[in-house]
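Subject: Two-chain model, handover and findings

Hi,

Here is the structure I promised you. Please load it first, then read the notes below.

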Amino acid sequence: MSARVSIGLAAAGVVALFAALWLGPTPLANPFAGDEATRTIVWEIRFPRALVAWIVGAALGLTGAALQGLLRNPLADAGVLGLSGFAALGAVLAFAFGVATLAPLGAILFAFAAALVVTMLGWRTRGPASLVLIGVGLSSFAGGLIALALNLAPNPGALSDLVNWTLGSVEGRSMEHVLLAGGLLLAGAALIFAAGRGLQALTLGEEAAAAIGANLTRTRTLVVLGAAACTGGATAAAGVIGFVGIAAPHLVRALAGHDPARLLLPSALAGGALLVSADIVVRLLPTDAELKLGVAAALIGGPVFALIAARLASRGGDQ
Amino acid sequence: MSLSLQNASVDLGARRVLDGVSITITPGEVVALLGPNGAGKTTLMRAGLGLTPLAEGAARLGGDDPSRLSPRQRALKAAYLPQRPQAIWPLAVEALVALGRYAHGAAPERLSPPDQAAVDAALAACALAPLRKRRMDELSGGEKARAHLARALAQAAPLLVLDEPTAGLDPAQALGVADIVRAQAGAGRAVLLSTHDIALALRAADRFVVLRAGRVLAEGGADVLTPDVLEAAYGRKARLERLDGAPVVLFE
């Protein structure tokens, strides 16, 4: 079942990637035409942009599924829990202080710190609500620190660019970003997939998972490192994009069931397809200035998040 | 596989919750842990499995110090069913039971023939075969409890440690669990179970350990469950009667 869902979602991602080559503010009859203008638009602008969107969506979808399994909480997500906010802080610090080449490293390190804090605080929280509150606290803290860093930055000229960047976008991304986010996605995915069986065991709760033989320290370490790599890479490439990590696993559960290990791959594939599609919509909207992808994701994902939270609360899961 | 504690004490913070307890459980026998809430039953089980550190004394699980075992080594020696077991994600019953094969290296979606046989046997023992495809959130309380018990049985460990496996079950379901436990002992496993249902314990167990405030109040066969011991344990006058051969405990 989960294999068929994965194939379907991979196909959806490929279709969305092709559509992204065709569709855009400049209509193209044939994106594979040989003329210079078409080649530039398609292969230097649209293709890297769409690929970055797919990679970022996949990284966030995978991170969401892994964090939900680890924390046994369907509202866990890199954005909601503050990993993305901290990753952005790490990158902003590097940009603002003139060492832009260290931005990806800063994003990963700060995402790692946030993942560590949130899993330590969230490990024993009872209901989804308290975990989300921890995330709200961390996100606000990261937002405050970003503002502080921008205020103290020695190079205020780049400020508006940076603020824009934290809103989340894949506009103007190049193959360099593809390699960066893609490499980190691969590394993060390797770590997270290695934790799959531990996540499965955690279905029984912490105590019984250990009793059936799961090494929970190993599972936690793998997920925290994997989530940091995926979120760090995604945020360094595209800024803060929220809710993909909630929407993708939620969608996949309806198709492939609830087993946390078998959710990982389809959630990544769903996240990729979702974000490429959202980016196509953003590019086609007839607005003067292009709507930020992070804003669009929040417009779609915010209500989905509220809906899941309300449903959990009505089921008494919010204790 | 035998489990033993020698003079074991456990501290939680500044409080001594287990105080100089010595017990042994050997293969083929069912030992029931009795005592009021907070007597130290769960702590004793966890200490025996090496999940709670001992302040004093020693634990032995089949010749090893259980606190030095890896989670996997421990799971191959002992199956532990905690109080109030959880199924956080609504897996199918057979997938949940298959998690019992974790330490044997099996993923629930790719079971080897021996793993599948163990899962099938556990489902059959708990009368869950017809419900195997159902989701956990579609089961009644009794069915859920049986599914978690089946998970522990599927582990096929020589020692079974069951913390209040009949809590919240109706009398018929609870008796069903007692029969399952007896059958496991009949197959040569050692079973340690805690319960508040003394009549059920009398039906299922060979030996009884009565705890109060972290100490062993009485230990032995059914004859140790005297009115005096029960009153000392639970703080209420008690009578033990037989009704058509079945034991009944009456508290005043």
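Start with chain B. Strands β1(B) and β2(B) run antiparallel and are joined by seven bridges. Two strands count as paired if DSSP finds at least two bridges between them. Helices (H or I, at least four residues) and strands (E, at least two) are DSSP runs, numbered from the N terminus.

Some ground rules. This is a predicted model, where local features need pLDDT of at least 70, side-chain atom pairs count only at pLDDT 80 or more, and totals for chains, interfaces and linings use all residues. Residues are numbered from 1 along each chain as its sequence is written, chains are lettered from A and ligands numbered from 1 in the order in which they are written, and side-chain values use heavy atoms, with hydrogens and water left out.

B:Ala8 has B:Val21 as its bridge partner in β2(B). The two strands make a hairpin with two residues between them. In that turn, B:Gly13 has a positive phi of about 65 degrees.

On β4(B), strand β1 (residues 3-12) has an antiparallel partner, with five bridges between them. There B:Gln6 stands opposite B:Ala58. Together the three strands form an open antiparallel sheet in the order β2-β1-β4. β2 (15-25) and β4 (56-61) are at the edges with a single partner strand each, so one side of each has no neighbour in the sheet. From one strand to the next, the twist averages 25 degrees. Axes here are lines fitted to C-alpha atoms (for helices, over the stretch in contact), and angles run from 0 to 180 degrees between N-to-C directions.

**Six-stranded sheet, chain B**

This open sheet has the order β5-β6-β7-β3-β8-β9, with mixed pairing. Its edge strands are β5 (78-81) and β9 (215-220), each pairing on one side only. Neighbouring strands are turned by 15 degrees against each other on average, direction ignored.

One parallel pair is β3 (residues 30-34) with β8 (residues 207-212), joined by four bridges. B:Leu33 stands opposite B:Val209 in β8(B). Helix α6 (residues 171-186) of chain B lies across β3, β6 (159-163) and β7 (190-194) of chain B. The helix runs at about 155 degrees to β7(B).

**Hairpin of β10(B) and β11(B)**

β10 (residues 238-243) and β11 (residues 246-251) of chain B pair in the antiparallel sense over six bridges. B:Leu243 stands opposite B:Ala246. Two residues lie between the strands, and B:Asp244 takes a positive phi near 50 degrees.

**Interface of chains A and B**

How many residues are in contact? Chain A gives 26 and chain B gives 27, with contact meaning heavy atoms within 4.5 Å. The buried area is about 2200 Å², 64% of it from carbon and sulfur atoms. That area is the accessible area (1.4 Å probe) lost when the two parts are put together, summed over both.

The rule finds one salt bridge across the interface. A salt bridge needs a side-chain nitrogen of Lys or Arg within 4 Å of a carboxyl oxygen of Asp or Glu. B:Arg46 and A:Glu207 form it, at 2.1 Å, N to O. On the side of chain A that touches chain B, the elements giving two or more residues are α2 (36-71), α8 (196-201) and α9 (206-211) of chain A.

Best wishes
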